[in-house]
Structures are given as C-alpha cells and as structure tokens.
Amino acid sequence: MTTTAPGRPTAGPVAAPDRPPGPAGPGRDRAVGIGIVTAMAARGVGMAAPLVITPICFRYLGDQRYGLWMAVTALTGMAWFADLGLGNGLLTRLSHLGADVRQQAREISSAFATVGALALALLGGLAVVVGLVPWDRLFGVTDPAVAAEAAAVVLLCFAAFAINIPFALVQRVQYAAGQVAQSSAWQSAGSLASMVAVLVAVAAGWPPVTVIACAVFAVPAVNLLNTMVYFGVQRPATRPAPRLVHRTTAAGLLRLGLRFFVLTTISSIALNVDSPLVANVLGLTVAAHYAVVAKLFGVLSVFVGIVGMTVWPVNGAALSNGEVAWVRRHTRRMVLLYGTVVGGAGLALVGWGHRVADLWVGGVDRTIVPVTVLAALACWSFVVAVTSPLMLVQNSVGLLRPQFAGWAAFLLLATGLKVWGVHRFGLVAVPMAACVAYLVTLCPAAVVGYRRALTAAVGVGCRTTAVDEEEPDVRVRG
C-alpha cells in the first residue's frame, strides 16, 4: 500500500481498526455474519421508533400537514448529494487503509473540513431561499392553516438536514472500521430520541410545527454526541483536527467523492420523486396514504441498507488482498439472501399490508391504495434488493461509470413513465413504472459494472484503493 500525503500521526496510541479479518476467507465470513446480525438487532430497536410515531403524527398533524412533512422530507432525501459524495468516498478510501492511522486521520480531517464548510454554505443559502418559494402552491396545500406553516416546515427540515451533514460523517468512519453494530446502535438512539421528543411534544399539546422540529432535530443531536464520544474517547488517534487537513488528501477525496456525488444526485432524485409527484397530481391526502404504505415496504430497504453497509468496506478490503474469488462467492450469497428475505417479506406485505396498516395508523383507504399498489411496491423492493450486491462491489473500489449510465437512463425513463402513468392509471403507475425502468436500465448496468470491477481487480494484481475511472485500477490516489 502506498500513501502520498505528508503529515504526522496524531497524539495517542495507534490502534488498529476493528475490521473483519484480512486474508482468511472463513474468518471474514464469520465476521460479516456477526456484523450483520448485531447490526440488525441494533437497528431493529431503532426501527420501532418510526413505527410508533407515524400513527401518532398522522393523527395529531392531520393528513395534509403530515403529507406536507413527508413531501418535504422526500426533497431532503433528494439532497443527500449535498456532501459532494465525501461520505461514501471516505468509506471507500478508509476501507483500503488497513491500520495506517496516520493516513486515516488525514482523510477524516480533510473530509470533516470540507463537509463542515458545505453545511455552513447550505444554511446560508437556505435562509435566503426559503422565503422566496410559494411552498403551499408547490405542494398543493388547500388548508389555510397548513399553508401558513409550509415555509416553516421546509426551513426546519432542511436546516436539520444541513446541520446533520458533518455530524453523520462519523457513521462512515465506523462502517470502515468494521464497527457496524456500534454505528447502528447510535442510529437507533437517534430514532429513539426522536420518538421520545415527539411523544413529549404531543402529550404537552405543543403546536404541530414544534412537533416536527422535535422529530427532525433529535437525530443531528445524537450524531453530534456520537462524534464526540468516538473521536474524544474511543479513537483519539484519528480525531479530526485543522492541522491534519492536507490539500493532496482533500483533492484525492474530492476526486472520488465527486463521482459518488454525481451518482447519488441522480439516484436520490430518481428515488425520491414519488411523494412530490403524487402530492402535485393526486393531492396531499393520497400522498399521505401512499407514504404510510411505502414506509412499510421501506423496512425492506432498511434491511438491504444495513447488510450493504456491512459488506461495502469488507469487499474493498478483500479486493485489496486479492481475494476476488471470495468476493464472487460472497456476492452470490448476498443475492440469494436478499432475494429470499425481501421477496418473502414483500409477498407477506401484499397479503397482509392493509391489515398491518389498520393496526398501525388506524387504517389506510383501500380505494386510494389498493392491493395492486402493494404488489407493485413488492416487485420494486425485490428488483432493487437482488441487484444491490453487484453495485456494492463496484462501490467498494470506486468504479461508478456503469452506474452513472444506468441511473441517468433510469431517471429519465422512470420519471417520464410515472408522470404519464399517474395521469392515465393512477397511483399504481408510480411503483410499476419504477420496476419497468429499473429492469431495462439498472439491471444491465449492475451486471456490466460488477464484471468490470472484478476484471479490473484481477488485471492489476489487486493493489490498494479507489478506481481510476479512465483506467480501472485499485490504487491510492492522493
């Protein structure tokens, strides 16, 4: 492994990261399995929080106000690219550094400095823009009381999002260090803090906007605490500091991060267009009912995400060690695991999704969200899940060009089909159009990119880290 940026190690003991075992395939398999199980247990606790507060907020806020909140939340989901891809870039680069604490500290410091400046710029821009947009007309608000609060809801959601950008970076550091369970536990704590804050606000009869503020600001507060504990107590040797910010390291992070930035920009917009589109065309009431059902299927994406973030850095470390055969074998297992779990759970939700919604929020109108919508959401969840392991291999070495092409084509095709279909066929067209577009665009891109990533790793002898897109490689860049 080569490193190029200058600098000195931080003070304190030099501790190797808690990553899965290196060359030993069986050892890595056990470590991955343990990481997935513990992460699922930790996140299971956190998943209970939104399940509790969703029906409470749905009833307390009313369908229009809740629909507005979910539509604005979808817009913040589209803005996850605002960190310029540095979170994913940092995860990829750290996964190839092994026990090089000196370089880890430089990478982490450079990433924090960059995203911190971005967060401040976003907050400044938000203060200027929020009063200039007619948010009530944009989201189709008809209730005068909700319309008067629209700008405040947008301000709260986007401000919490911007503040959380640098604080959430610690999660990527923990993933790269193999501390998936620990990171998941902190994320669960954020969800639980949000739940408690909402329950207190509702019990106290606070205004609806205050309830939303409690829900959205609890997570950044917990992420800040996680950052302080991790770098102040657990890993002081990798603590970010201004003196460790280096131009060469920052440039290398930005090169890789900007690739993730473009990819995340396209995919986030493509995946979060549904709620604003449904609200604009079919109304906030339909959007609110659809959001509740989509949250049920969102549990499946949480499972895919937990497992994926566990495997991402492990794939990178394995390819760095030349274990291409292990990556192939493990990817096949992941496809089977995702297909079995997500496919089975999706079928269960098709059969009993309305009953679950009845118990959960007191009922979803079946004329608004018929069983055909549930079936389409199940299909969508399945096709995304079984292609995810192929894309994780590409992400682990920074080979993103095939996904660029796939997501760009998906965005254009899926958005066009959704806009046309929702006017012609109603709500069911939204998830069905996504399925059709995904099969046509992203499934081929996933297969092509996966083969390229493995071929590139074999061709260069599996040296370390991010891929140069012009000539696929796995070398350190800056």
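Me: What makes two rings an aromatic pair in this predicted model?
Reply: Rings of Phe, Tyr and Trp (its six-membered ring) pair if their centres lie within 6.5 Å; planes under 30 degrees apart count as stacked, over 60 as edge-to-face and the rest as tilted. A search of the whole structure finds 13 aromatic pairs. The model is predicted, so local features need pLDDT of at least 70 and side-chain atom pairs count only at pLDDT 80 or more, while totals for chains, interfaces and linings use all residues. Residues are numbered from 1 along each chain as its sequence is written, and side-chain values use heavy atoms, with hydrogens and water left out.

Me: Why is the pair of Phe-260 and Trp-312 called tilted?
Reply: The centres of Phe-260 and Trp-312 are 5.7 Å apart and the planes are at 35°.

Me: What makes the pair of Trp-407 and Tyr-438 edge-to-face?
Reply: Their ring centres are 6.2 Å apart and their planes are at 80°, which is over 60 degrees, so the pair is edge-to-face. Both Trp-407 and Tyr-438 are buried.

Me: Why does Met-432 count as partly exposed?
Reply: Its relative accessibility is 37%, between 20% and 50%, so Met-432 is partly exposed.

How values were computed:
Buried < 20%, exposed > 50% of the residue type's maximum accessible area, 1.4 Å probe, protein only.
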